[in-house]
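Reader: I have the chains open on my screen and would like to talk through how they pack. Could you take me through it, please?

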Amino acid sequence: MSHSPVETTRIRVTDLSFSYRKRAVLRNIHVDFADSTITALVGPSGAGKSTFLTTLNGLWQTIPEARLTGQVLIRLEGAFQDIYADGFSVSRLRRRVGMVFQTPNPLPMSIFRNIAFPLKLAGESRRDVIEPSVEAALRRAYLWEEVKDRLGDNALTLSGGQQQRLCIARALVLEPQVLLLDEPTSSLDETAGRVIEELMVCLKDRLTLLVVSHYLEQVKRIADRVMAFSNGSIERGG
Amino acid sequence: MTTMKSADRIIILFSWSGALVLTGALSAILGYVIFKGAGTLDLKLFFGDTAPLDALTLKRQVFDGLFPAILGTLCLVVLSVILAVPLGLATGIYLAEYAGGFAKKVFNLFFDILAGVPSIVVGLFGFALAVFLHRHVSREIGPCLLVSSLALALLVLPYIIRTTQTALEGLPADIRLTALALGATRLQNIRHVLLPRSLSGIMTGVILAVGRCAEDTAVILLTGAVAAAGVPRSLLGHYEALPFYIYYISSQYANPEQLLTGYGAALVLLVICLGLFAVTFVIKRRLSYNALYRA
Amino acid sequence: MSGLRERILESGFFLAAVASTAATLLIFGFMLVLGFPLLRSGLFVDLLTGAWAPAAGAYGIFPMVAGTLAISLLSLILAFPVSLGCAGFAAAIGPVWLSRPFRRMVQLMTGIPTVIYGFVGIFLLVPIVRGLHGGGSGLCVFSAALVLAVLISPTMVLFFSDSLDRVPKSYLDAADALGATPSQKLRLVMLPYAKEGILSGLILAFGRAVGDTMVALMIAGNAVQVPESVFDAARALTAHIALVIAADTESLEFKSIFVCGLVLYLFVGLMISGLRLLSALGHRR
């Protein structure tokens with residue numbers, strides 16, 4: 001399923017600075033992210049990688065005493081949108097920009113209901129829309145074959161690797177354009193981690209992925225570009 | 001073998017004596033109530049000379065039994081909880097999820113004060129409210145079941161607020177973010193994830209409130225509880241209650257038999273309140289187990 | 001859920017908080033307004049320090065203030081050592097197989113209705129005190145303070161134990177590694193760390209003792225006099241309210257109970273602010 005990657009910019013970050021409790025965490029970041037690419041974010045702990053991810057889906061707003069300046073444009077539905085413009089709904093943003101966390105966090109409900117949850121939040125209640133979307137998402141996350149006969153089981157009974165794929169499926173069900181992954185394989189064993197890596201490479205087909213990673217081997221295996229963070233600023237890499 | 005300094009010896013003596021004294025006091029209280037009250041536990045205690053079935057179906061009045069008082073306490077508790085829980089829950093949610101730093105401190109200060117106000121003062125407020133309503137709204141209103149319930153609701157409101165707030169604030173950070181990252185609004189997050197997760201804490205608060213309403217005497221003393229009113233008939237009428245009965249009997253008993261009914265009532269009230277308390281233990285244990293091992 | 005419905009619900013939460021606060025203030029307001037005639041016709045300080053003789057037009061609540069202080073302070077003096085000992089037992093000295101059920105027992109004690117303490121006090125304790133003192137009715141400050149001490153101890157014990165438990169594990173590990181016995185650990189590491197928590201617990205227990213009605217009402221004797229000995233009968237502010245409520249609502253005697261309510265409310269306000277100050281000072285360390 002390879003075709004020449006279309007080099008179109010999906011995300012444009014201009015002069016982004018972020019401070020928490022008056023301490024600067026990110027300084028004057030300028031960067032673009034292209035469609036159908038995987039960009040790895042690397043750097044020492046505390047350099048701002050995970051924080052940077054949260055500036056792209058507005059999750060930084062849940063941190064008290066946090067301040068953000070600068071502009072983030074994301075191409076959604078054809079046109080660039082200033083995601084921090086007045087009136088741009090942050091809920092809507094998070095449906096187009098999905099996030100996967102370091103430790104899998106399935107909700108205490110069945111596998112099916114976990115995946116269907118974002119649809120429910122978005123107001124979708126038609127069974128004939130929900131069921132196919134759930135199956136499609138599980139397929140894209142390489143999980144369908146393993147769970148198709150037990151969709152009603154509690155999600156917490158899955159293994160670590162399966163739970164992480166569940167979270168990826170859940171993030172994919174609304175068909176976002178961007179997927180943010182914060183050290184997605186850190187809490188998994190090597191084999192489970194490899195499966196996730198393969199999955200990510202397949203996903204870049206229709207998505208722009210940003211992955212924070214501490215594993216240089218992993219970065220070499222999957223990344224098209226590397227963004228190195230150091231003390232809140234970036235140094236470009238190839 | 002090191003020899004212990006005398007300071008350490010004193011501490012050990014102190015701790016053990018303290019524990020023994022308290023245990024002794026508890027045994028004395030429980031023992032006394034059970035000893036004196038157990039013998040009185042029969043149908044006559046509850047229903048007097050009226051047939052139980054007639055009493056339960058409210059066909060006949062009960063004159064010398066605890067049944068009206070028990071029913072009165074029940075109505076009181078139900079009404080107070082209905083009034084206090086929605087208000088307390090909403091306030092707790094506001095404090096945990098919406099209030100900013102300064103607002104939170106100010107509100108918390110007020111609710112700590114409310115929690116500290118002596119119950120007799122809350123009762124006095126209830127009484128004053130009744131008088132106020134009597135003068136300015138309707139001559140029908142006076143100290144009654146409704147006023148007592150309002151006052152009791154006010155009494156237990158801080159419990160509900162506090163346990164709701166603590167339960168919500170105690171949720172781990174990643175739980176809070178999960179639904180938000182999927183596009184949930186704040187309210188959706190509260191409704192679908194945060195509240196269900198906090199349920200055990202909130203339930204504990206509600207049950208503690210129930211216990212508090214069942215045992216309170218000071219508030220109802222001033223707002224409508226009387227010694228003989230029969231089964232509660234209307235919201236605007238006087239009523240009987242178990243703790244009031246115990247208080248009343250302790251000073252107004254005419255003969256030893258009446259005093260014994262006091263012991264019986266004390267035993268019943270004790271069982272009810274301790275039972276409710278035990279339920280909160282079970283809830284706390286059950287729900288933490290569930291959260292980890294739900295299959 | 002539409003945006004509008006959501007916003008209405010969210011304002012609802014805010015309104016609930018406002019309503020709860022309003023209720024708190026309303027209590028104060030009622031006390032103030034209804035006690036006002038008395039506050040007007042005599043200075044507040046006079047009321048606080050004057051004697052009670054309604055027939056002579058004197059509505060001083062000093063005897064009741066003295067009664068409350070006597071009963072509460074005595075109960076605190078009796079309860080504090082026992083509670084501290086129990087907390088030490090629960091947190092350090094008691095063997096684990098005993099301290100766990102002990103804590104459960106103490107927690108359960110907080111569920112015992114106050115009126116039952118009063119009831120048992122009258123029929124079990126008072127005769128004993130009567131015999132001990134060789135006279136009088138046994139309904140006095142001492143009996144009330146004793147029962148009140150048992151009433152407030154469980155909450156104090158739990159509060160103290162909590163503070164002792166909060167000592168960081170690293171300090172405890174250090175003490176253990178240096179060979180400290182449990183009682184040394186308690187004395188030299190835990191108690192000093194928990195000092196503030198213990199002080200807060202003490203203040204809260206005092207507040208609870210002052211605010212108690214039933215024990216004082218049923219056991220302290222209710223005589224309007226400044227108690228000279230612990231075996232004298234006395235009347236607490238709280239009991240006074242319960243007793244005078246039956247009086248004529250228009251009389252100044254009746255309005256004195258609102259002044260009592262006001263005093264109690266102000267006391268609570270002061271106590272809570274004091275606690276806030278204490279914790280703020282502690283954090284500055």
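Reader: How many residues does the contact take from chain C and from chain B?
Author: This is a predicted model, where local features need pLDDT of at least 70, side-chain atom pairs count only at pLDDT 80 or more, and totals for chains, interfaces and linings use all residues. Residues are numbered from 1 along each chain as its sequence is written, with chains lettered from A and ligands numbered from 1 in the order in which they are written. Two residues are in contact if their C-beta atoms, placed from the backbone, lie within 7 Å. On that basis the contact takes 67 residues from chain C and 68 residues from chain B.

Reader: Which helix gives the largest share of the side of chain C that touches chain B?
Author: Helices here are DSSP runs (H or I, at least four residues), numbered from the N terminus. The largest share is 16 residues, and its source is helix α1 (residues 3-41) of chain C.

Reader: What domains does the assignment give for chain C?
Author: Domain bounds come from an automatic or database domain assignment. For chain C, that gives domain 1 (3-41) and domain 2 (52-283).

Reader: How many residues does each of these domains give to their contact?
Author: Taken over C-alpha atoms, the centres of domain 1 and domain 2 of chain C are separated by 30 Å. Where the two touch, domain 1 of chain C gives 9 residues and domain 2 of chain C gives 9 residues.

Key:
Helix = DSSP H or I, 4+ residues; strand = E, 2+ residues; numbered from the N terminus.
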